[in-house]
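Me: Please take a close look at one part of this structure and describe it for someone who has not seen it before. Say what the terms mean as you go.

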Amino acid sequence: MNEVERLVEDAVAWLNQDPDPETHHELHMLLRRVGANDTDAVADLRSRFGSRLAFGTAGLRGEIAAGPNRMNRVLVGQAAAGLAAFLLERAHPGTTPSVVIGYDGRTKSQVFARDTSEIMAGAGVRAVLLPRLLPTPLVAFAVRELGVSAGVMVTASHNPPRDNGYKVYLGDDDQGSQIVPPADGEIAAQIDRVAATQSVLELPRSNDYELADESLVERYVEATAAVAGGRAERAPLSVVYTAMHGVGWETFARVLDAAGFPRPALVEPQIAPDAAFPTVAFPNPEEPGALDLSFARAREVGADLVVANDPDADRLAIAVPDPSSTGGYRALTGNEVGMLLGWRAAEAAAAGDAANPDAPALACSIVSSPALGAVARAHGLRFAETLTGFKWVSRTPGLVFGYEEALGYLVNPGTVRDKDGISAAIALLDLATQLAATGRTIADRLDEFSARFGHYGSAQISLRVTELSQIERVMQRLRADPPSNIGGLPVTRIDDLAQGGGDGVPPSDVLRLHLDGARVMVRPSGTEPKLKIYLDAWSDTGSVPERRDAVVELLQRLEGGMRDHIS
């Protein structure tokens with residue numbers, strides 16, 4: 001039997017257990033084209049059945065289509081059954097494991113969530129389905145609030161419109177954080193076992209699952225509104241908000257009301273959930289053009305602030321007026337927002353013994369700006385750097401604030417152990433309105449940060465490749481022959497995190513290069529065929545404008561030098 005015959009055999013077996021009429025028909029038509037020796041169809045079949053979507057610490061994520069290397073009801077059924085087996089195996093004798101399941105507004109999210117609920121209940125796991133489409137932070141909140149064993153969120157966050165995904169949280173000792181090794185591998189093994197031994201159509205199902213009460217959402221709203229505190233004087237601001245065609249607005253509006261903030265002006269074409277994402281090519285606030293409608297609305301109303309959530313509302317983007325920018329507004333970087341929210345958290349935290357591993361801590365991923373460390377040192381707080389991903393940031397002992405540069409912020413770790421774009425927006429609004437009460441703006445606060453802690457700037461280089469082996473070759477070359485200088489700046493030390501990053505950071509395929517007043521991080525992307533390079537520079541010499549200019553020059557030199565080294 002040749003390769004194509006094996007692929008066809010696998011596809012027919014998949015077809016025979018697919019309960020979804022759409023993907024069933026799609027695969028049936030593909031097999032007809034393969035039978036007619038259509039070379040494009042053969043390549044498509046190989047892409048779908050030549051490998052399988054890997055279940056890792058980010059769960060599952062991929063394009064909706066038939067086959068094991070796509071997101072569909074067969075794959076989700078196998079994942080649900082595998083996760084159920086994992087939960088049953090680790091449950092204490094005589095106890096029933098439990099899971100809460102949520103979903104956003106993407107294509108088939110509700111279908112995948114209902115399949116998961118029925119399969120979990122059929123396996124003997126207590127399943128609680130959230131009452132309607134809701135933001136991802138509601139699931140992270142519900143895991144702790146309901147005291148369940150695990151949580152599942154059906155979402156692809158800010159991925160392209162045709163994608164969907166499956167994110168898993170663990171309760172009990174994990175306190176509602178995302179899964180990390182070895183749990184991810186153990187769940188993956190159970191999923192593979194189900195896929196190899198059972199048809200999805202044969203999995204026991206039950207409608208005996210619970211529907212969460214609306215009071216659960218009300219408790220999230222109350223806890224998140226409390227982030228604003230309400231202790232200091234506020235001045236009103238003109239604010240524009242977009243949900244980026246996602247599920248953030250309904251919940252965010254309720255939190256605004258509870259916290260005493262006025263409703264913002266809305267980017268109406270993007271405010272309701274829409275799985276087609278008709279106004280954005282890529283529903284990620286970081287992408288060029290994604291905030292164009294928000295900026296247009298901001299110009300209409302003369303907004304002081306633009307607030308944007310991504311489609312599942314676990315990320316936050318902020319923009320401020322800037323006459324020098326095209327469109328009159330400038331989106332802040334994730335590092336800039338992280339600095340501001342970290343400073344806010346540090347001022348509210350009680351200083352402790354920074355050498356105590358349980359003392360109050362600020363944390364960020366290793367590729368985020370070192371600026372947060374400067375804030376921690378100035379306030380007598382512990383500072384921790386973790387591997388990328390909130391599954392690591394959220395597990396920092398004593399955490400009072402954590403972030404990663406990709407627009408993710410954790411401002412209320414006592415409530416949600418994951419990034420939360422709604423609570424972060426409330427914290428930012430609280431800061432902005434307090435500043436406005438004294439005649440200052442977010443831009444002024446950034447200048448104050450630069451004056452007190454030094455000016456920090458960051459930039460990125462993304463090298464997209466057609467073959468992953470290209471990334472491996474670049475990493476090998478950098479390790480074998482590391483640069484002694486970058487853009488004329490001497491490299492003072494190189495940390496190879498493949499051996500571990502110290503302070504409990506697990507081994508990772510990352511190189512960290514230290515320079516005078518700068519740092520370069522090089523790592524393969526965990527989700528795309530890219531090599532990602534993070535550039536950071538800082539200066540505490542001279543006036544704020546002089547510090548800013550010095551950092552701009554450093555970043556330009558670093559970028560030019562690194563492009564030479566990876567070309």
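Reply: Helices here are DSSP runs of H or I with at least four residues, strands are runs of E with at least two, and both are numbered from the N terminus. The model is predicted, with pLDDT of at least 70 needed for local features and 80 or more for side-chain atom pairs, while totals for chains, interfaces and linings use all residues. Residues are numbered from 1 along each chain as its sequence is written, and side-chain values use heavy atoms, leaving out hydrogens and water.

Helix α11 covers residues 334-348 and helix α12 residues 371-378; their axes lie 9 Å apart at an angle of about 15°. Axes are lines fitted to C-alpha atoms, for helices over the stretch in contact, and angles between N-to-C directions run from 0 to 180 degrees. The two helices are therefore roughly parallel (under 35 degrees; over 145 is roughly antiparallel, 65 to 115 roughly perpendicular, and the rest oblique).

From α11, the contact (heavy atoms within 4.5 Å) is made by Gly338, Met339, Gly342, Trp343 and Ala346. On the α12 side are Ala371, Leu372 and Val375. Sorted by class, this contact has 6 nonpolar, 2 polar and no charged residues. Nonpolar covers Ala, Val, Leu, Ile, Met, Phe, Trp, Tyr, Cys and Pro; charged covers Asp, Glu, Lys and Arg; the others, Gly among them, are polar.

How many of the 8 residues of α12 are buried? The number is 6, so α12 is largely enclosed by the rest of the structure. Buried means under 20% relative accessible area, exposed means over 50%, and partly exposed is in between, with a 1.4 Å probe and protein chains only. The buried residues are Ala371, Leu372, Gly373, Ala374, Val375 and Ala376.

What do these buried residues pack against? Helix α11 is one partner, and α15 (442-453) is another. The strands in the list are β13 (361-365), β14 (382-386), β15 (399-404) and β17 (455-464). After α12 comes glycine 380, which has a positive phi, near 70°.
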